[in-house]
Structures are given as structure tokens and as C-alpha cells.
Amino acid sequence: IIYMLPKALNTIPRPLFQSNSWSCRLYYSPIIMSSYSCAIILATLAIIRYLNIAHYPHFLYYVTRKNVVIIVIIGWMIAALCTIPAVVGFWGKLGYDRYYGLCAPSFGPIMDINHITYNIVIVGTFSCIINVITTICYAKIYKYLRLIKLKKNCLLTNNSRRQTLTIAINDKISSHYIPWSQREINITFTMFIIFMGYMITYGPTAIVIILQVTGVVQANALRSCILFTIMSSNSVINPFILLISSRIYRSYFMNKFQSYLPICCSSSRRRVAIKVTTPTPTQIQRMKKFTI
């Protein structure tokens, strides 16, 4: 939003920066770094969910609080290291818009070897390889859940087919299979929806970049504003996805919302509080037995 303000508001003097200076490139760096780190974190979450579903012992061994913190820090460090060359200007230097006075990545049809190699190595890695890894993880999770469901359905078949199907499925299912709860499946589905939201919001920008590189379309200021708005909406969508999919989040936000209501509007909240805090006769008997 801060980056797009000079383009959206005519009251801001233009150009914002007089040249393609270090400060101009630094102004755009949070967008690059957050895009890279978002791809890394989503891939990490996909790998964690795959280990949790298909390789639970490995999940217990590797996925600890300390390791997760280390992975997140390393992810942000990798994103920063990939952003520094474009900001400093020695590899993949950001382009400059003379009218608005803003810097942004250059994806025009005519690029030097410096920008071509940066776009292939860095942008290609985060746009293609990491997202492909994330997609493969969720595809494997779906395949594994399908095999488990098929194994359960084998019990409904006749004895001759049941043994053959069970042996074939057991060969594909991990020998360390531990049944998981429906909650774990719901968490995995939520992470998949977040990843799909990421692909939907960043996808149009990736398509336009490919078209610009191939020379099919030319760079346009209005189009860039629209793409940046769609891309930035990913950060706004994620909290709503969590709010809709998680009962714990919904109850937390509802309690917070009701706590800020004025006293005249909180009669329903008082009734709920009285209902929750006042024990029923059955609860009183259970507490007496527990005390005894």
C-alpha cells in the first residue's frame, strides 16, 4: 500500500525519487523480501503437513518448536540475501519509472545478461521450483489419504479381493502409519486453502511477467497498480481463511468483540457469562465426588 500511494494519490509530488538511487530501490525491497519469504514459509508448512500425515515418527523427531523457529529465521535470511543484489544493484538491479519516481523489477522484452540471469536463478526458483515442491507435497498428502480411505473400504469387499487390495495398499503406505485425528486433516486443508489463495493472488502477476518477457504485452502503470493490489490482498485474505476454518479463532474473536461492546449492548454477553459460570446440579454433584 505504501509503495502504491504515489501512484494512487495525485497530492503526492512526483517523481517521488529523482533517480534510481539506493533509497529508491530500498523503498521497494519489502515487497520483494515478503514475496520470497512467503513462498519459503508456505513450502515449509506443506512439508510439515506431509510429514505429519504420512511420516508421523519423522514429524515428531524433526518438527520441534526450536527447529520451526530456526527454519523461519533461515527462510527470512534467504529472502533477504536474494533481495540484496537487486537493491544494491550489482545483480538484477531494479528498474526506474521516471514519471512516478519509483523503482521496480524490470521484466521487459529487452534485458541484459545481468537481469536475465537474476530472473532465471532467483525469480524462477521462488516462482517455479518452490511452488512446485509445495504442490507436490499436497498432492502426496491427497494420494496418501485416498489410499487410507481405500484401505478402509476394502473391509466392505469380499474376502478374495480384500486380501489382494490390502497387500497392494500396504506396500504404498508407510510402515509407521499412525492414525491421525480429523483435526489434523482440517489443519492440512486450511494450509492448502491458504496456498491456493497465494497462487490465485500471485498468479496474475506471474502471467503478466511472462508475457512482458516474451514481448506480448508492454508495461503499463495502471496494470501494475491492479496487479500489486491483487498480490497484496493475499495478506488480507489469510486471516479470514483462518477465521472461517477454525472454531478456536472464531470463538476468540467473538469474545474479543463482545468484550468491547458497551454495557447497554452486552446483555446477551452477560447472559452467556452467567450460563457458563453458573454450574448445573449435575456439575455440582461431579465436583462433590471429585472433592471426596
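**Stop one: the aromatic rings**

Searching the whole structure turns up 10 aromatic pairs; rings of Phe, Tyr and Trp (its six-membered ring) pair if their centres lie within 6.5 Å, with planes under 30 degrees apart counted as stacked, over 60 as edge-to-face and the rest as tilted. Select Tyr138 and Phe192: their ring centres are 5.3 Å apart and the planes sit at 65°, so this pair is edge-to-face. It links distant parts of the chain, 54 residues apart, with Tyr138 in helix α5 (residues 113-153) and Phe192 in helix α7 (residues 182-213). Helices here are DSSP runs (H or I, at least four residues), numbered from the N terminus.

Before moving on, remember that this is a predicted model: local features need pLDDT of at least 70 and side-chain atom pairs pLDDT 80 or more, while totals for chains, interfaces and linings use all residues. Residues are numbered from 1 along each chain as its sequence is written, and side-chain values use heavy atoms, leaving out hydrogens and water.

Colour by accessibility next. Tyr138 counts as buried because its relative accessibility is 7%, whereas Phe192, at 31%, is partly exposed (buried is under 20% relative accessible area, exposed over 50%, partly exposed in between, with a 1.4 Å probe and protein chains only).

Note on methods
Helices (H or I, at least four residues) and strands (E, at least two) are DSSP runs, numbered from the N terminus.
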